[in-house]
Amino acid sequence: MTVSRLSLLCRDLWALWLLLKAGADEIMHQDIVPLCAADIQDQLKKRFAYLSGGRGQDGSPVITFPDYPAFSEIPDKEFQNVMTYLTSIPSLQDAGIGFILVIDRRRDKWTSVKASVLRIAASFPANLQLVLVLRPTGFFQRTLSDIAFKFNRDDFKMKVPVIMLSSVPDLHGYIDKSQLTEDLGGTLDYCHSRWLCQRTAIESFALMVKQTAQMLQSFGTELAETELPNDVQSTSSVLCAHTEKKDKAKEDLRLALKEGHSVLESLRELQAEGSEPSVNQDQLDNQATVQRLLAQLNETEAAFDEFWAKHQQKLEQCLQLRHFEQGFREVKAILDAASQKIATFTDIGNSLAHVEHLLRDLASFEEKSGVAVERARALSLDGEQLIGNKHYAVDSIRPKCQELRHLCDQFSAEIARRRGLLSKSLELHRRLETSMKWCDEGIYLLASQPVDKCQSQDGAEAALQEIEKFLETGAENKIQELNAIYKEYESILNQDLMEHVRKVFQKQASMEEVFHRRQASLKKLAARQTRPVQPVAPRPEALAKSPCPSPGIRRGSENSSSEGGALRRGPYRRAKSEMSESRQGRGSAGEEEESLAILRRHVMSELLDTERAYVEELLCVLEGYAAEMDNPLMAHLLSTGLHNKKDVLFGNMEEIYHFHNRIFLRELENYTDCPELVGRCFLERMEDFQIYEKYCQNKPRSESLWRQCSDCPFFQECQRKLDHKLSLDSYLLKPVQRITKYQLLLKEMLKYSRNCEGAEDLQEALSSILGILKAVNDSMHLIAITGYDGNLGDLGKLLMQGSFSVWTDHKRGHTKVKELARFKPMQRHLFLHEKAVLFCKKREENGEGYEKAPSYSYKQSLNMAAVGITENVKGDAKKFEIWYNAREEVYIVQAPTPEIKAAWVNEIRKVLTSQLQACREASQHRALEQSQSLPLPAPTSTSPSRGNSRNIKKLEERKTDPLSLEGYVSSGPLTKPPEKGKGWSKTSHSLEAPEDDGGWSSAEEQINSSDAEEDGGLGPKKLVPGKYTVVADHEKGGPDALLVRSGDVVELVQEGDEGLWYVRDPTTGKEGWVPASSLSVQLGPSGSAQCLSSSESSPGSAVLSNSSSCSEGGQAPFSDLQG
């Protein structure tokens, strides 16, 4: 259908072209004479012959040969041209009748008459009807002519008669006086010069018509033979080129028509001036000729316009088709890529957070792909509109529209299917999380019930009521049937998720079993009438007192499950309260929002005003100071220290100015009417703000140069010209002040935009600006490090830096290090990089301003691949440990505040975690390449016993398995007192220590984090018999443990293994086991206590993560940290 419609259009165009060509051919073959008046204008001006426009009685044109003395001297060529031209002017009909020649020789001689007649008869190119000769009027010449004509009649024999006339009245007998000019006694108005101008104008118009017709014919041929291009650009180019040519052709037509109407008007004016009888036939013929040419031009123009309209429609439809096809290809490629990408989204998530993340990714992907989908639907509508407009390519457009709709529907369906699966997965994980949380709350409930109070009947009944009340909540929180879950979520269950569901169900069943046991025990206790002699706790009461919640769930309080129920009811109460408040405050909400809008506009106004002032100040400095340093007229004022130092003094201020003047200020002005969205402007240009880091790093050099040359006359002269009250150093500080000002303005804007659309962008922009300020501050400290031989850039990104108090405790090293480490901390500035942590000594420099900025002497660096941490050190919430190479080097670090400590610990943990993940991936890769895993290294003398290693390994397995209940309900027995003559042996530690107190390391082998201080020797230092002072409280343990407090004095009875000592309290006589880390030697009344351990962390706190090694060795041996 498309081909037939296109061929029909082409046939229409060809028919119109043939019509246009026919009109042009008619114009080119009509009214065209061999000669033009303009070509023989000089010959016609001689007037030896002229066509007056008179006619004979039968309509024969009259050519008059006036008396011309030099007639015989006219060259034959000129005579022939004039005769040819004059005979070509009348119409073919008139010329066919024959011409009447009037030869006026009244003042001539007979010899000239004879010669003239013979020459005319020999050279006249057209038909002759009659020749009338006015013979000479003199008596002698008349008589001579009569005699000569009679005797020489045979010489004048011609095809037409030659009549000799004696006078003008005789001539009137042959031609009417109205057809003769005045010199022949007639009344015909004739002016030869006017006739010549008219003929020139008519022939010029005819030539213009011919050229226009040729141009139209050529252009029409080009249009008819043009093939339709296959791309948008070529089609647009062809359409533009043809349109330009069409406009030019129309302009030529307009000029030709204007010229024709001008000639016609002049002819009509001439006709109007003369009387009716004086109008000759030639004038009427000229007017008719011009009118005919004008009519033909009008017809040609109409045909051309119709032809062009069809041709233009064809090109425009072709261009529309090419745009549609190009858009179709682009959209189809995008939708195909999106479909391929969504086909890779097969993950259904392994946790609630993971599923929520996948849903967010899907929503983001859908939002980004939505642009392509909307474009495809719009393109389909455009195609339908083309079909409705009867486009010639309907058969090509309709399938593409159908395909676009199919792709959009298919993509939307796939998105919906994917969202449905993820929603199903989200629902399942929420149920699993709810069940796990319910189990954790149950475990906490059991752990929080005091054993001694449950021995009474009232206490047992109260505990029993709590348990029964809690079990009632299981209907809405626990998983009822495992098979029902498998069936309901069959579409999303894979092997891993099924295993996860099974473990959750097992944990739930185990917890319920424990509850039933506790319930049975409490029922027995509640039924008793007498109190037992010795309280014996039921077995389930061996639950840990502070069980850790499952991964991803953290309890907000340590209260009983009843408070958990209150927390669950909290959102409802809070929502109800908010609804009540909203009703009360509905009247003032509009006023409050209007007030906030006013405040936002005020902050935006301040931001813009200060930004403009800032840009003007930078320009003032650059033009008034920086540019003047290159001014030859100011060179004599510059001191030698300022030569070639412009970049040092001003840094990259010019770059900062161009950024703010050309980009940032203009973009800020776009947010004048919507100040709450200004955060987007900051986020889009956040990378550009990195230029301030370069400026701030150069600031110390700039400040130093300024202080050396501040008295230079150059600066004083520039300040005088600028009329500045402040010196240059104040303006050099402007960029530093400006970058810090932004975060204050963003805070203000955020405070008034909490419920607005751009609040999140403002918060993100504020965080990013604060991050840039931190990076600038860190880099200022980093460039002040001296003495480091390597490249600081190789250490990775600088994460944190700060000053700390540091104690050391080494297994290897000089004795004095150990002796000085306990009570004399070193002040060190630590730089935490991604690959190493640097210890530097801060040194204050003399000077003022930036010259007084501290420098840092490099002392030591620790490779993060061999570093571990102990996050909590008892006795001080601000301390934590950094240990190195399996605790061969231990650094106790005290932060200024607990918040700073927490920030550093979290950052170090992130680094170690990332290293651990990398090591695990490397280990898995090696395991695939090797046939068997590498064996663990053999335990050293400082490692735990084999049984203890198994217990530690079991502990780690429990930590890594969130579904295991054993980690919550079991605890090992305390150590027994030593038998006589035998050393003390220790079984596994209690698992009550929270995981947050655990140590972190990326090392491969399991290493015991013994708190006993070692120095110099390879083995632990033994305590000497005598009295010791307790330096840390010890209140945990079983019946064999001695409860002591800091400051108590005890006597050593027995030295045990692995850090436990059997001591006696002299004041009470009680004996028991205490950690050696809690004791220090009592040297005397004035002696100082010696620290026995570099760590006061609880047992089990430094158990390391089981991971792969990130390094094959360690670092260089430790050097003395004290500077």
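Is Asp723 buried or exposed? Asp723 is exposed, because its relative accessible area is 65%. The model under review is a predicted one, and the points below should be read with that in mind.

1. Asp723 and its backbone. Asp723 is found in the loop between α23 (713-722) and α24 (728-732). Its phi is near 60°, a positive value in a residue other than glycine. Most residues other than glycine have a negative phi. The residue comes after α23, and the helix itself is taken up in the next point.

2. Helix α23. Phe714, Phe715 and Cys718 are buried in α23. They lie on the same side of α23, because they cover an arc of only 95° around the axis. For Cys718, the relative accessibility is 1%, and the residue therefore counts as buried.

3. Cysteines. How many disulfides does the structure hold? The structure holds zero disulfides. Cys709 is buried, with a relative accessible area of 8%.

4. Arg47. A positive phi is also present at Arg47, where the value is near 60° in a residue other than glycine. Arg47 belongs to the loop between α2 (41-45) and β1. With a relative accessible area of 30%, Arg47 is partly exposed.

5. Ser60. The loop between β1 (50-55) and β2 (61-65) contains Ser60. Is Ser60 buried or exposed? Ser60 is buried, because its relative accessible area is 0%. Its side chain makes a polar contact of 2.8 Å with the side chain of Asp58. Beyond its neighbours within four places in sequence, Ser60 is in contact with Gly54, Arg55, Ile97, Gly98, Ile100 and Gln129.

6. Salt bridge of Arg55. Side chains of opposite charge can pair when their charged atoms come close. The whole structure contains 46 salt bridges. In one of them, Arg55 pairs with Asp285, and the closest N and O atoms are 3.8 Å apart. Arg55 lies in strand β1 and Asp285 in helix α10 (residues 281-343), so this pair ties together parts that are 230 residues apart in sequence. Arg55 is buried, with a relative accessible area of 7%, whereas Asp285 is partly exposed, at 21%. Salt bridges that share partners join Arg55, Asp94 and Asp285 into one network.

7. Two further salt bridges. Lys245 pairs with Glu222, and here the closest N and O atoms are 2.7 Å apart. The pair ties together parts that are 23 residues apart in sequence, because Lys245 lies in helix α9 (residues 232-273) and Glu222 in helix α8 (residues 192-225). Lys245 is partly exposed, with a relative accessible area of 37%, and Glu222 counts as partly exposed at 30%. Arg685 and Asp688 also meet through their side chains in a salt bridge, at 3.4 Å from N to O. Arg685 is partly exposed at 24%, as is Asp688 at 28%.

8. Aromatic pairs. Phe71 is buried, at 4% relative accessibility, and Phe79 is buried with a relative accessible area of 1%. How far apart are the ring centres of Tyr1062 and Trp1073? Their centres are 5.1 Å apart and their planes stand at 65°, so this pair is edge-to-face. Tyr1062 lies in strand β17 (residues 1060-1064) and Trp1073 in strand β18 (residues 1071-1075), so the pair ties together parts that are eleven residues apart in sequence. Both Tyr1062 and Trp1073 are buried.

9. An aromatic cluster. Which residues form one aromatic cluster? The cluster consists of Phe659, Phe664, Phe682, Phe689, Tyr692 and Tyr742.

Technical notes. Residues are numbered from 1 along each chain as its sequence is written. This is a predicted model: local features need pLDDT of at least 70, side-chain atom pairs count only at pLDDT 80 or more; totals for chains, interfaces and linings use all residues. Side-chain values use heavy atoms; hydrogens and water are left out. Helices (H or I, at least four residues) and strands (E, at least two) are DSSP runs, numbered from the N terminus. Buried means under 20% relative accessible area, exposed over 50%, partly exposed in between (1.4 Å probe, protein chains only). A polar contact is a pair of N or O atoms within 3.5 Å; within protein, one must be able to donate a hydrogen and the other to accept it, and residues adjacent in sequence count only if both atoms are side-chain atoms. Contact means heavy atoms within 4.5 Å. A disulfide is a pair of cysteine sulfur atoms within 2.5 Å. A salt bridge is a side-chain nitrogen of Lys or Arg within 4 Å of a carboxyl oxygen of Asp or Glu. The arc is that of the directions from the helix axis to the C-beta atoms. Rings of Phe, Tyr and Trp (its six-membered ring) pair if their centres lie within 6.5 Å; planes under 30 degrees apart count as stacked, over 60 as edge-to-face and the rest as tilted.
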